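Hello,

Here is the structure I promised to hand over. Please look it through first; my notes on it follow.

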Amino acid sequence: FHRVHPNWKATRVPSGRLACSDPNLMAIPIRSERGNEIRRGFVPEPGFAFVGVDLSQIEMRVLAHLSKDPNLIKLFQEGRDFHTATASQMWKLPFSEIEADHKAKGGSSMRSSGKNVSFGIVYGVTARGLQAQVKSKTHQEWSEEKCQQMIDMWLGEAYPYVKYYMERMKHTARRDGFVRTLTGRRRYLPGVHSTIPRLRAEAERQAINHPVQGTASEVIKIAMRNIWNDALPMLWESGIQVRPVLQVHDELIFETQADAAEEVAAIV
């Protein structure tokens with residue numbers, strides 16, 4: 001069989017995420033017709049199937065834990081979809097309408113624009129940056145003024161404790177010279193003391209981002225270890241053929257015999 005064997009880099013990304021090259025299988029496009037055609041080129045062996053299992057909104061759950069924002073925590077405790085809730089607040093529409101729109105439009109829906117706003121804000125996006133992001137990912141034309149309103153609404157009305165968390169991380173970076181993830185992975189940020197505004201802003205963005213993204217990458221690494229030690233030996237012993245083939249940030253992909261795909265997904 002003609003297999004793709006990319007290069008994996010375990011120490012390339014400061015947050016602890018894995019990196020992949022030649023080709024980068026973490027960045028196979030999906031939002032375009034050509035992207036979907038490229039994806040269709042990845043097929044399992046005959047009689048086998050790919051099983052994808054992902055952590056649900058893991059970075060936002062980590063943010064809820066780190067920021068202790070009551071609105072964010074309540075969303076997850078109630079089992080709500082975070083991006084749908086954000087879109088509902090942005091567009092002042094009920095959940096049912098946001099969900100129906102997402103089902104109809106997929107990647108260019110109101111929920112997708114809510115997702116862009118949420119991730120953009122957590123990673124320190126400016127109004128202009130958000131404008132470009134929304135246009136490229138959802139093909140919607142937003143004015144810079146509207147983008148700023150969305151950022152202000154998100155941090156002011158929706159999740160105010162997240163703003164305190166962001167300011168706290170900037171202060172920690174200036175005081176200690178580094179920030180850390182939940183399990184203690186440090187990222188040193190000398191740029192917070194730079195006299196060049198662009199470098200200082202970038203270091204502050206990384207101070208906010210690292211504890212969230214780094215902790216999320218640690219959660220999936222712990223999960224991978226548990227699967228390798230506990231789930232896979234149990235499956236192999238029962239005669240099921242299954243092998244891990246790929247990690248894409250918060251998702252794990254396995255190749256398994258087709259008749260056991262649902263069982264493998266449930267156990268993983």
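**Helix packing around α2**

α2 and α6 pack at an angle of about 50 degrees, and their axes lie 12 Å apart. Axes here are lines fitted to C-alpha atoms, for helices over the stretch in contact, and angles run from 0 to 180 degrees between N-to-C directions. The two helices, α2 and α6, are therefore oblique to each other. (Angles under 35 degrees count as roughly parallel, over 145 as roughly antiparallel, 65 to 115 as roughly perpendicular and the rest as oblique.) The crossing of α2 and α6 is left-handed, that is, the near helix is turned anticlockwise from the far one by less than a right angle; clockwise would be right-handed. Glu59, Met60 and Leu63 of α2 make the contact with Ser118, Phe119 and Val122 of α6. Contact means heavy atoms within 4.5 Å.

Before going on, the ground rules. This is a predicted model, in which local features need pLDDT of at least 70 and side-chain atom pairs count only at pLDDT 80 or more, while totals for chains, interfaces and linings use all residues. Residues are numbered from 1 along each chain as its sequence is written, and side-chain values use heavy atoms, with hydrogens and water left out. Helices (H or I, at least four residues) and strands (E, at least two) are DSSP runs, numbered from the N terminus.

α2 also packs against α3 (residues 70-77), at an angle of about 135 degrees with the axes 9 Å apart. α2 and α3 are therefore oblique to each other. Their crossing is left-handed. On the α2 side the residues are Met60, Arg61, Leu63, Ala64 and Ser67; they meet Leu72, Ile73 and Phe76 in α3.

**Glu59**

Glu59 sits in α2, which spans residues 58-67. Is Glu59 buried or exposed? Glu59 is buried, because its relative accessible area is 10%. (Buried means under 20% relative accessible area, exposed over 50%, partly exposed in between, with a 1.4 Å probe and protein chains only.) Its side chain makes a polar contact with the side chain of Arg17, at 2.9 Å. (A polar contact is a pair of N or O atoms within 3.5 Å; within protein, one must be able to donate a hydrogen and the other to accept it, and residues adjacent in sequence count only if both atoms are side-chain atoms.) Leaving aside residues up to four places away in sequence, Glu59 touches Arg17, Phe119, Tyr123, Val212, Gln213 and Ala216.

**Helix α4**

α4 (residues 82-91) is mostly covered, with eight of its ten residues buried. Among them are Phe82, His83 and Met90. The cover includes α2, α3, α5 (95-105), α6 (110-122) and α8 (144-158). At the start of α4, a side-chain oxygen of Asp81 comes within 3.3 Å of the backbone nitrogen of His83. Lys92 follows α4 and has a positive phi, near 55 degrees.

**The sheet**

Three strands form an open, antiparallel sheet in the order β3-β7-β6. Its edge strands, β3 (48-54) and β6 (242-248), each pair on one side only. The twist averages 25 degrees from one strand to the next. Strands pair if DSSP finds at least two bridges between them. β3 and β7 (residues 251-257) have seven bridges; Phe48 has Gln257 as its bridge partner in β7. Six bridges join β6 and β7, and these strands form a hairpin with two residues between them. In the turn, His249 has a positive phi of about 60 degrees.

Best regards
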